[in-house]
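Subject: Structure for you to look at

Hello,

Here is the structure I said I would pass on. My notes on what I found follow below.

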Amino acid sequence: GLSRAFGGLSLPVAGAIAAVAGLVVGMKKAREALTDLAKETIQAGDEIVKEARALGISAESFQELTYAMERGGASAEGFRKSIRRVAEMSDEAVSGSKTAIENFKKFGISVDDLKNKNIEEVFLQMADGIAAMEDPAAQMRASSQLFGREGYRIVQALAVGSDGLAALRKEARETGNVLSEDYLNAAEHGA
C-alpha cells in the first residue's frame, strides 16, 4: 500500500501526498459531474427551443409561462399539454368548428382574435377570461374542453389573470429561472 509506495517518507509527508492524490481524484469526479450537468443543460435548452418554436412563441416566454403555471399549482408537463391543446383547438375554431368556437367564446375570445394573435396572447386572454369568472365551477366548466384532465390545475394557475401571470413571469426572470435566447440558441446548435 501506501507505506510501500512512500517507504522512506515520514508519515506527515506521506499523508500530505495521499491527501493531494485524493484531491486530484475528487477534482476529476467534480469535472465529470460538471461536464454531465453542462450536457444536460444544453439538452434541456434544445428541448425548450423546439417546444417553444412548435407553439410559435419565444423560448423565454415559454419558460416564463411554465414557471408561472408551476407556481400556480400546475405541472410543467400539464401546462405543455394544455397549451398544445389550446393551439390545436384554436386551429379547429379558425377552420370553423362550432364546438371550438363556442369553447373560446366562454373566455371572450373570437375567431378574429385567434386569427390575429399568437398562442401566448390567446393564453393570456384566456387567463383574463377565467379571472373574470367569479364562480369556480363556471371556470372549470368553461375550461374543461380546452385543458382536459389537467384543467383544474391550469384554471387555478390562470385565475390570477394576465396581470398575475406577468408578475410571475417577472419573478421567473429575476430568480434565474429563464435561460436567455442567446444561450438557448447556442444550446440548440450544440455550442
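Which residues are buried in helix 5 (residues 98–105)? Please keep in mind throughout that this is a predicted model. The buried residues of helix 5 are A100, I101, N103 and F104. They lie on the same side of helix 5, because the arc they cover around the axis is only 160°. K98, T99 and K105 are exposed, and they sit on the face of helix 5 turned away from its buried side. As for what the buried residues of helix 5 pack against, the partners are helix 4 (76–94), helix 6 (111–116), helix 7 (119–132) and helix 8 (136–147).

The chain as a whole

Of its 191 residues, 37% count as buried. The accessible surface of the protein chain comes to about 10,900 Å², and 54% of that belongs to carbon and sulfur atoms. Taking contacts between residues at least 6 apart in sequence, 62% join residues at least 24 apart.

Helix 8 has its own set of buried residues, namely Q139, A142, S143, L146 and F147. These cover an arc of only 115° around the axis, which puts them on the same side of helix 8. Helix 4, helix 5, helix 7 and helix 9 are among the elements that cover the buried residues of helix 8. Just after helix 8 comes G148, which takes a positive phi of about 65°.

How do helix 4 and helix 8 pack, in terms of what angle and what distance between axes? The angle is about 85°, and the axes are 8 Å apart. Helix 4 and helix 8 are therefore roughly perpendicular to each other, since angles of 65 to 115 degrees count as such. On the helix 4 side the contact is made by S82, R85, V86 and M89, and on the helix 8 side by Q145, L146 and F147. Sorted by class, this contact has four nonpolar, two polar and one charged residues.

Helix 7 against helix 9

Helix 7 and helix 9 (residues 151–158) also pack at an angle of about 85°, with their axes 9 Å apart. This pair is therefore roughly perpendicular. F123, A127 and I130 in helix 7 meet I154, V155 and L158 in helix 9. By class, the contact of helix 7 with helix 9 has six nonpolar residues, no polar and no charged ones.

Is Q63 buried or exposed? Q63, which is placed in helix 3 (residues 59–71), has a relative accessible area of 8%. That value makes Q63 buried, because the cut-off for buried is under 20%. Leaving aside residues up to four places away in sequence, Q63 touches I48, N177, V178, L179 and L184.

Regards

Definitions and conventions:
Residues are numbered from 1 along each chain as its sequence is written. This is a predicted model: local features need pLDDT of at least 70, side-chain atom pairs count only at pLDDT 80 or more; totals for chains, interfaces and linings use all residues. Side-chain values use heavy atoms; hydrogens and water are left out. Buried means under 20% relative accessible area, exposed over 50%, partly exposed in between (1.4 Å probe, protein chains only). Helices (H or I, at least four residues) and strands (E, at least two) are DSSP runs, numbered from the N terminus. The arc is that of the directions from the helix axis to the C-beta atoms. Contact means heavy atoms within 4.5 Å. Accessible areas come from the Shrake-Rupley method with a 1.4 Å probe; for residues, only the protein chains shown count as cover. Axes are lines fitted to C-alpha atoms, for helices over the stretch in contact, and angles run from 0 to 180 degrees between N-to-C directions. Angles under 35 degrees count as roughly parallel, over 145 as roughly antiparallel, 65 to 115 as roughly perpendicular and the rest as oblique. Ala, Val, Leu, Ile, Met, Phe, Trp, Tyr, Cys and Pro count as nonpolar, Asp, Glu, Lys and Arg as charged, and the others, Gly among them, as polar.
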